[in-house]
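Keep the view open beside you and follow the points in order.

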Amino acid sequence: MTDNNDRAAFLAAHDVSRETLARLDIIIETLDQWRTRSNLIGPKEWPQIWTRHVGDSVQLLDRIPDTARVVDLGSGAGFPGLILAAARPAGHVTMIESVGKKCAFLRAAIKAADLPAEVHQGRVEAAPPIAAAYVTARAFAPLPELLDYAAPWLCKGSTGVFPKGERWKEELTAAQQRWSFAYQAIPSRSGGSGVILIVREAARRHGQA
């Protein structure tokens, strides 16, 4: 079970509809059933599952339209992929994950909460063409490598929406050595010095493979 105080703190900070909250409750309940057997999330993280993990994901919604098609890289325990799907019933989320047990959980959560989403099992770099106007990833890779992984979408005009931690400026500087792109850094509402990094118009710099 989750901490009711943690859930209440999330609700105090984020305005979500009753229908979205119902889907989020199902996702978190499913995660609770699966988390120990599939190593989905650490025991120290569970008490703040709502305020940290759900909250961190929900704030991406400000940058993603209601009907958008999204691809989420390295989806793991479903943050932000499952959360975006719960809040965007008119859109669609494709989650790419290589670990079989995590894929099984993601599919179970999608079915339980009746989400507009699907799971592709495999490595991101080997994924088939997936149509998406937005690409997301959370705690998946440092920005230079993340842009490499996201290249099939970013180089075709998709927008990257990436939560980044306190070292985001270092990652940004490193990424700019290999990539040319427009970006916007929006302060995270989850606290600390992290940001939501919006990446557009991405292209590899000359001479970069």
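1. Let's begin with the lining of the largest pocket: its largest share, four residues, comes from α3. Along with α3, the strand β5 (159–164) and the helix α7 (168–178) each supply at least two residues of that lining. Please keep in mind as you look that this is a predicted model.

2. What is the volume of the largest pocket? It comes to about 780 Å³. There are 34 lining residues, and to find the centre you can look for Arg52, Asp56, Arg138, Ala139 and Pro163, which lie nearest to it. Sorted by class, the lining holds 14 polar, eleven nonpolar and nine charged residues.

3. The second largest pocket holds about 180 Å³ of space. Its lining is made of 14 residues, with Asp15, Val16, Val58, Leu61 and Ala87 closest to the centre. Here α2 and α4 each supply at least two lining residues. Seven residues of this lining are nonpolar, four are charged and three are polar.

4. Helix α2 deserves a visit of its own. It covers residues 18–38, and at 1.5 Å a residue its 21 residues should span 30 Å; the C-alpha atoms at its ends are 29 Å apart, which agrees. Where does α2 bend? Look at aspartate 32, where the bend is about 35°.

5. Which residues of α2 are buried? They are Thr20, Leu21, Arg23, Leu24, Ile27, Ile28, Thr30, Leu31, Trp34, Arg35 and Ser38. As a reminder when reading such a list, an α-helix has 3.6 residues a turn, so residues three or four places apart point the same way.

6. Finally, take a look at histidine 92, which lies in strand β2 (residues 92–97). Is histidine 92 buried or exposed? With a relative accessible area of 17%, histidine 92 counts as buried, because the cut-off for that is under 20%. Setting aside neighbours within four places in sequence, histidine 92 is in contact with Ala68, Arg69 and Val70, and also with Pro116, Ala117 and Glu118.

How values were computed:
Residues numbered from 1 in each chain as written. Predicted model: local features only at pLDDT ≥ 70, side-chain atom pairs only at ≥ 80, totals over all residues. Heavy atoms only, no water. Expected span 1.5 Å × (residues − 1). Bend = angle between axes of the 7 residues up to and from the residue. Buried < 20%, exposed > 50% of the residue type's maximum accessible area, 1.4 Å probe, protein only. 1 Å grid on protein atoms, 1.4 Å probe; cavity = no way out; pocket = protein on both sides within 12 Å on 5 of 7 lines; lining within 4 Å. Points joined across faces, edges and corners; volume = space filled by probe spheres on them. Nonpolar A, V, L, I, M, F, W, Y, C, P; charged D, E, K, R; others polar. Contact = heavy atoms within 4.5 Å.
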